[in-house]
Amino acid sequence: MTKDTDVTANESASQLIDGRINELGDWRGETLARIRDLIKQADPDVIEEWKWQKATSPGVPVWSHDGIICTGESYKNVVKLTFAKGAQLKDPTRLFNSSLDGNVRRAIDLHEGEQIDADAFQSLIREAVALNESAAVGKRARGVSS
């Protein structure tokens, strides 16, 4: 277990994500569950993680494949999907609508009643995976461990 993955010994990351979805119990939980399904469909090899848990924060669902793809945070009025390398991704359908000024991350904010374009979202997931995989191959070729 890495220092960033603060999962208790008795609960897997997937169980914690299940718990978060159930705990929300409203449109945010439904949205997070739908996003999770879309991610798993787009990348069957995705790894679910639970990171950044501390006294002041319950933690954050994270989906990874050779590095972080995106996180799924829930707030009172929004479910925020932050792509770790979003600034490097092509977004022809303009799903990214938040954190647009940064040099690295990009986010998609979903509000109550909003639906995401599933095909466009899954394309972003696959593109993020390909970007992570190409970076991982480059590191391995240079003999750098991740």
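Visitor: Why is T31 called buried?

Guide: Buried means under 20% relative accessible area, exposed means over 50%, and partly exposed lies in between, with a 1.4 Å probe and protein chains only. T31 has a relative accessible area of 14%, so T31 is buried. A caution on the source: this is a predicted model, in which local features need pLDDT of at least 70 and side-chain atom pairs count only at pLDDT 80 or more, while totals for chains, interfaces and linings use all residues. Residues are numbered from 1 along each chain as its sequence is written, and side-chain values use heavy atoms, with hydrogens and water left out.

Visitor: Where does T31 sit, and what is T31 in contact with?

Guide: T31 belongs to helix α2, residues 27–42. Helices (H or I, at least four residues) and strands (E, at least two) are DSSP runs, numbered from the N terminus. Apart from neighbours within four places in sequence, T31 is in contact (heavy atoms within 4.5 Å) with V79 and L110.

Visitor: How many helices and strands are there, and in which pattern?

Guide: The chain has three helices and five strands. Along the sequence, they follow the pattern α-α-β-β-β-β-β-α. Of the 146 residues, 45% count as buried.

Visitor: What makes R28 and D26 a salt bridge?

Guide: A salt bridge needs a side-chain nitrogen of Lys or Arg within 4 Å of a carboxyl oxygen of Asp or Glu. For R28 and D26 the distance from N to O is 3.1 Å, and the two side chains meet in a salt bridge. The structure holds seven salt bridges.

Visitor: Are R28 and D26 buried or partly exposed?

Guide: R28 has 15% relative accessibility, so R28 counts as buried. D26 has 26%, so D26 counts as partly exposed.

Visitor: How far apart are the closest N and O atoms of K51 and E49?

Guide: They are 3.8 Å apart, and K51 forms a salt bridge with E49. Both residues are buried.

Visitor: Which parts does the salt bridge of D109 and K80 tie together?

Guide: The closest N and O atoms of D109 and K80 are 2.8 Å apart. D109 lies in strand β5 (residues 106–110) and K80 in strand β4 (residues 79–83), so the pair ties together parts that are 29 residues apart in sequence. D109 is buried because its relative accessible area is 14%. K80 has 16%, so K80 is buried too. Elsewhere, salt bridges that share partners join D18, R36, K40 and E48 into one network.

Visitor: Why is the pair of F83 and F121 called edge-to-face?

Guide: Rings of Phe, Tyr and Trp (its six-membered ring) pair if their centres lie within 6.5 Å; planes under 30 degrees apart count as stacked, over 60 as edge-to-face and the rest as tilted. By this rule the count is two aromatic pairs. One of them is F83 and F96, an edge-to-face pair with 5.3 Å from centre to centre and 80 degrees between the planes. F83 and F96 are both buried. The rings of F83 and F121 have centres 6.1 Å apart and planes at 80 degrees, so this pair is edge-to-face. F83 is in strand β4 and F121 in helix α3 (residues 118–142), 38 residues apart.

Visitor: How do you know that F121 is buried?

Guide: F121 has a relative accessible area of 0%, so F121 is buried. Ring pairs link F83, F96 and F121 into a cluster.
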